[in-house]
Amino acid sequence: MKCLVVLLCLLSAVGVSARQITLESALQIAEEHSHNLKATRANLNAAEQTVTAARSECFPTLSLDARAGYVDDIPSLDLSLPGLPPISQDLGSNDSYQTDLRLSVPLYTGGRISSAIKQAESGRDYRQALELVELDNLYLATRIEFLQLCQANKLREAVAASERRIQILRDGVTARLEAGVADSVDLLEVRLAAAQVETRSNQAATAVRSAEIRLLARLGLPDNEQLEPVVTLTDPRPYEVSTTTPTDTLPRLRAAAAMISREQATLDSRRAAFYPTLGVYAGYLYGKPNTNPFADEFNDSYTFGAQLQWSLNLGGGNTARRNSAAHTLESARQQHYQLSETLKREARLAFEQWQLSLSNFTTAQDERNIARDNFRLAQAQHDNGSIISNRLLEIENSLAEAEARLAATRVDFYVAQSIYFYTVGDDRLRKGL
């Protein structure tokens, strides 16, 4: 029965294979799955159509108006002249038909059409910038969750190494106890250390699974899958950075600049309200009766003309709307200045954190090397009987902590690097490690 249980466990382990995934593929899958990104791109498509609609106002407009009706009583003209037969003539007809086809062309609008086009184009540019902002946010979040999974795996490996060392110590103490050179206290201490490392192992496995679930949700994959990151995290090394200032192409700055352009176009539109509009038109009329009310027949005619329109609110409404647009434009400019200062500060702080992460890794590497040498010497001393088991377990625990700290700081370096790429607008954010 025991062999059957072991066989079933082996078969189930073989049946469940982890999905291997690289950072590049994770970024691609996350982009394809993101609902926020899809919504942002839908808004961008809508903005593109708004630009097309605004530009179409420059073209002529063709309108058609057709009517038909019946009047049961129409006026008539009756004349009675001496010596002549009476004259009776209907004015119009009971049945009336009228078709009006008109082509209108704007000649001068005071800037209304051009400002509307600029507004639409600025709105499109704003949506384009928002798409890039959403992409950068998505890439940063995916990179961090991918790295957190790598970190959880490394921490689990460190716990597993500690677990193997504890097991070796346990076997050694058991053998010494059987040989009569150790007591039961040593065995109890080793068993306690084994129980403690087993707890850490369970916690590490839970941390790995939690990181997997977060990344699976980001990628839109079933949460019952397992992920195996395919990545080589090389040891961090010193680096050179030419600048820590965000570029002007940073999506968040582009979005703020697009807002300024849109508010400027709004101000131009408010100023255009002070000017008249001028247009010309040509039309064709066909109906019954049309130009001759005495003829009960279909006839047509052509019309040509110009139209001038101008209106001004005597209560100062146009002026108030213009002033309001001017204040909104100034607000957009100040927000751009504030955002630029904030991003510069964030970039500098991100760079300092990146430098700190390298220093932390170097320190953790030295601590691990010292703790490993110390454990190796202590193990030899324990075999010679120079130190007790409790002291050796303390040294092993220090080594386990140093290994875990080294694994964590290695990944922290790449997380800090990703945040730095995000703050300065570096294209490497969208690539692998």
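This briefing walks through a predicted model of one protein chain, from its overall make-up down to a few single residues. Local features are given where pLDDT is at least 70, side-chain atom pairs count only at pLDDT 80 or more, and totals for chains, interfaces and linings use all residues. Residues are numbered from 1 along each chain as its sequence is written, and side-chain values use heavy atoms, with hydrogens and water left out.

**The chain as a whole**

- The protein chain's secondary structure comes to 8 helices and 8 strands. Here helices (H or I, at least four residues) and strands (E, at least two) are DSSP runs, numbered from the N terminus.
- Of the chain's 433 residues, 35% count as buried. Buried means under 20% relative accessible area, exposed means over 50%, and partly exposed is in between (1.4 Å probe, protein chains only).
- The accessible surface comes to about 25,500 Å², and 53% of that belongs to carbon and sulfur atoms. These areas come from the Shrake-Rupley method with a 1.4 Å probe, and for residues only the protein chains shown count as cover.
- Take the contacts between residues at least 6 apart in sequence: 81% of them join residues at least 24 apart. Contact means heavy atoms within 4.5 Å.

- Helix α5 (residues 184-219) has 36 residues and reaches 52 Å from its first C-alpha to its last, close to the 52 Å expected at 1.5 Å a residue. The expected span is 1.5 Å times one less than the number of residues.
- α8 is mostly covered, with 26 of its 36 residues buried.
- Just after α8 sits Gly 425, where phi is positive at about 75°.

**How α2 meets α3**

- The axes of helix α2 (residues 23-33) and helix α3 (residues 35-55) come within 6 Å and cross at roughly 55°. Axes are lines fitted to C-alpha atoms, for helices over the stretch in contact, and angles run from 0 to 180 degrees between N-to-C directions.
- α2 and α3 are therefore oblique to each other. Angles under 35 degrees count as roughly parallel, over 145 as roughly antiparallel, 65 to 115 as roughly perpendicular and the rest as oblique.
- On the α2 side, Glu 31, Glu 32 and His 33 make the contact, and on the α3 side it's His 35, Leu 37, Lys 38 and Arg 41.
- Those residues divide into 1 nonpolar, 2 polar and 4 charged. Ala, Val, Leu, Ile, Met, Phe, Trp, Tyr, Cys and Pro count as nonpolar, Asp, Glu, Lys and Arg as charged, and the others, Gly among them, as polar.

**How α2 meets α5**

- The axes of α2 and α5 come within 7 Å and cross at roughly 55°, which makes α2 oblique to α5.
- Ala 26, Ile 29, Ala 30 and His 33 of α2 make this contact with Ala 217, Arg 218 and Leu 219 of α5.
- By class, the contact of α2 with α5 has 5 nonpolar, 1 polar and 1 charged residues.

**Single residues to look up**

- Thr 61 lies in strand β2 (residues 61-70) and is partly exposed, with a relative accessible area of 46%. Leaving aside neighbours within four places in sequence, Thr 61 is in contact with Arg 102, Leu 103 and Ser 104. Its C-alpha is 9.2 Å from that of Tyr 281, 220 residues apart along the chain.
- Asn 153 is found in helix α4 (residues 112-179) and is buried, at 15% relative accessible area. Beyond its neighbours within four places in sequence, Asn 153 is in contact with Val 208 and Pro 229.
- The C-alpha atoms of Thr 174 and Asp 186, 12 residues apart along the chain, are separated by 8.9 Å.
- Tyr 239 lies in the loop between β6 (227-229) and α6 (251-272). Setting aside neighbours within four places in sequence, Tyr 239 is in contact with Phe 351, Trp 354, Gln 355, Leu 358 and Phe 413. Tyr 239 and Leu 358 are 119 residues apart in sequence and 9.6 Å apart in space, C-alpha to C-alpha.
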